[in-house]
Amino acid sequence: MSQQSRRRPSQSYRPPKKDPVRILAFDALRAVDERDAYANLVLPPLLRRAREQGDFDSRDAALATELVYGTLRRQGTYDAIIAECVDRPLREVDPPVLDVLSLGTHQLLGTRIPTHAAVSATVELARVVLGDGRAKFVNAVLRRISRNGLDGWLERVAPPYDEDPEEHLAVVHSHPRWVVSALWDALGGGRAGIEDLLEADNERPEVTLVARPGRSTTGELLAVLGADGGLPGRWSPYAVRLAEGGEPGALAPVREGRAGVQDEGSQLVALALAAAPLDGPDERWLDGCAGPGGKAALLGALAAERGAALVAAEKQPHRARLVERALAGNPGPYQVVTADGTRPAWRQGAFDRALVDVPCTGLGALRRRPEARWRRRPEDLDGFVPLQRALLREALQSVRVGGVVGYATCSPHPAETRAVVDDVLGKGGALGEQGPIRAEWIDARPLMPGVPALGDGPDVQLWPHLHGTDAMYLALLRRTA
């Protein structure tokens, strides 16, 4: 072989092009998969580092964010499509390869990126992060996927609605089947409502700010954001919605702790508890599950306006530190304690108002944490529900007779909402030091003025597709004995 012919293969080799946007998106997906991290915690530091290195502008950050969240939201749909285009069971595809394929599939079927650009950019990514051999596999699979649009693929991989409605909705709207079933049970009604809800779960949520009473105002936030930067909240008098692409951490009121990022549903829960009618003193409030501190900061500000003091309790020390940070500068008296709400560090009957926003499956916040839908299992309820009952019982014991308890979850699952309250109340109440503790329902609906579609009461279930909030649940109870 001549010297010239020996050199030809090496001369034809082309180094892969490094695309910082797609590499960052891949790194975020790997962190979510390998470390069970959450994208909303992983992505911001990656974006910040990329900006500091000069690799990113705002359009790059927006594209990387869309690639990560879009891929995670549509993972179930994309897995079904990829499975049709590979020659082995999906579980036998290496996870990094599957992440690259999912990123490419989202670009092909979920964005306006042209087909040739989506394929070539993803193959280049594969060459960088996987090597040339597996990049050829990625190229072959993506070219098969590119032969159909999303609608065409859904007709192929999703069973007809009439034959299996839950599986059809699960594949089309990228939710596990058991989650579809649970949400449908909670929502009731026919096909239109559940499809609207599942679609809302796959939309990018607005970023909502809260102007903490006595420390900031919505007028100040709107002035800082400018005419095109924000809108008043829909329901909460303290809410401001950011325009797409806004960065809350760049705003002075947020940096100074006078305002914060808080979903409007979360604000409504705190406001309803604060507005519940109360006979007698109104001097001591409790947030029994305070981490990471959003509701505690709002409750603390509302309490301060009335001369009341807040105790914010959180079991996990690192989350208790977040609560301290959120409450720093609160104008009224407050105390942050590291304590287990099922084994209170305070005496029974010590408070006039108490909120327990209990740990739950988080099925009401799938817009913000799309990866949670793939991590949760039905058996997770076996761990959460007993804890939820225990926290509610202790909260009822923590308020005086005539005091008010708010039981809240960021899950609409029936087992975590009304069933918990019914179970606690149906057993004659909690057992206190002086005997049984009983409670009665308070109608929470009038305490969310102007908010439509709150159901039959007395409890309230908010919905992304109806209210533009997370699917927060609230039951208000008054201790009667």
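This is a predicted model: local features need pLDDT of at least 70, side-chain atom pairs count only at pLDDT 80 or more; totals for chains, interfaces and linings use all residues.
The side chain of D357 makes a polar contact with the side chain of K295, at 2.3 Å.

D357 itself is found in strand 8, which spans residues 351-357. Because buried means under 20% relative accessible area, D357, at 18%, counts as buried. Besides K295, and not counting residues up to four places away in sequence, D357 touches C289, A408, T409, C410 and M472.

The UniProt annotation "binding site", from an unreviewed entry, covers C289, A290, G291, P292, G293, G294, K295, E314, D340 and D357. One of these residues, G293, lies in the loop between strand 5 (284-287) and helix 16. G293 has a relative accessible area of 1% and is therefore buried. Leaving aside neighbours within four places in sequence, G293 is in contact with V323 and A326.

The axes of helix 15 (residues 264-275) and helix 16 (residues 294-305) come within 10 Å and cross at roughly 35°. The crossing of helix 15 past helix 16 is right-handed. On the side of helix 15, the contact is formed by S266, Q267, V269, A270, L271, L273 and A274, which meet K295, L298, L299 and L302 of helix 16.

V405, placed in strand 9 (residues 399-409), is in contact with L273, A354, L392, A395, L396, V399, A475, L476 and L477, leaving aside neighbours within four places in sequence. At 0% relative accessibility, V405 counts as buried. The C-alpha atoms of V405 and P277 are separated by 12 Å, although these residues lie 128 residues apart along the chain.

A further element to consider is helix 12, residues 191-201, whose buried residues are I194, E195, L197, L198, A200 and D201. These buried residues pack against several helices, namely helix 4 (58-73), helix 10 (165-173), helix 11 (177-187), helix 18 (372-375) and helix 21 (464-467).

Technical notes
Residues are numbered from 1 along each chain as its sequence is written. Side-chain values use heavy atoms; hydrogens and water are left out. Axes are lines fitted to C-alpha atoms, for helices over the stretch in contact, and angles run from 0 to 180 degrees between N-to-C directions. Helices (H or I, at least four residues) and strands (E, at least two) are DSSP runs, numbered from the N terminus. A crossing is left-handed if the near helix is turned anticlockwise from the far one by less than a right angle, and right-handed if clockwise. Contact means heavy atoms within 4.5 Å. UniProt positions are given in the numbering used here, feature names are shortened, and annotations may be inferred rather than shown by experiment. Buried means under 20% relative accessible area, exposed over 50%, partly exposed in between (1.4 Å probe, protein chains only). A polar contact is a pair of N or O atoms within 3.5 Å; within protein, one must be able to donate a hydrogen and the other to accept it, and residues adjacent in sequence count only if both atoms are side-chain atoms.
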